[in-house]
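Okay, thanks for coming, everyone.

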Amino acid sequence: MKKYMDNENLMPKEHRGCCRELKGCKDQLLISKPILQECICKKKNLCMTCIDYQKAFDRDPHRWIIKSLEITGINTKVISFTKKVMGYWRTHMHLHAENKLIETEDIKIQCGIFQGDSLSPLLFCICLLPLTERLNKLNTGYEEHTTKTKISHLLYMDDLKLTAKSEEEIQKQIQTVKTFSDDICMEFGLHNCAKITFKKGKLTHLQNLVIDINREIRELEQGKTYKYLGIEEAEGTQHQQMKERLKQKATGD
């Protein structure tokens, strides 16, 4: 599968998960940081939204995984093998209680992938390829000044960052992500999601980003930070804060 994806150049530049000869998280952070710096230095408008999926690896329906492989053009024999292997995925539970062991019968796994399994990350990335296609068709995003490259989103496994030049664009993007996510039964972990807005290079507190009638993504308040790929950001990467917190964790203070 990976050889086919590489030969056909099917993994979009927006994806940095499960890609050889790339640094993954570091690559995405090195793209995100200059966007923030340029926005502030050149006094441009920018909207960014970080989306964290709730238990993402547990939710992918197997039928969608197979459909994604078909859409991508994976060899039919490989698809048949994958489908058959999924049919054997089982788990069981056991409980030690009152000096005896209680065990369940085998429970069939009907959705999700295995963390730690060598094939699962690639399956997950393939499942999200249609999302990148939909977002790119919107023709939205932040245009980098030097190269004139338009960046609408950055994706590392289940960590998604949307970038746009206006509130209207970010709203279009989030609705596209919502529709796609609802279709494949993936839910946002709203407590880890955040929206950040710059007007002429200055951090501005506006309204929360509405997803639907019952859900919204909080607008980042002044002085607050959010985490993208484990690194705190606000008006840039919070290097000093991260160093202090890592130091405290390491020393136990």
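Helices (H or I, at least four residues) and strands (E, at least two) are DSSP runs, numbered from the N terminus.

Quick caveats: this is a predicted model, where local features need pLDDT of at least 70, side-chain atom pairs count only at pLDDT 80 or more, and totals for chains, interfaces and linings use all residues. Residues are numbered from 1 along each chain as its sequence is written, and side-chain values use heavy atoms, leaving out hydrogens and water.

Now, which strands go with strand 1? Strand 9, residues 159-164, runs antiparallel to strand 1 with 6 bridges, and there Cys50 sits opposite Lys161. Strand 11, residues 194-199, is also antiparallel, over 5 bridges, with Thr49 facing Lys195. Then strand 10, residues 187-188, has 2 antiparallel bridges to strand 1, and Tyr53 has Phe188 as its bridge partner. Pairing takes at least two DSSP bridges between the strands.

Next, Asp60, in the loop between helix 3 (56-59) and helix 4 (62-72). What surrounds Asp60? Beyond its neighbours within four places in sequence, Asp60 contacts (heavy atoms within 4.5 Å) Ile65, Cys111, Gly112, Phe124, Cys127, Ile184 and Met186.
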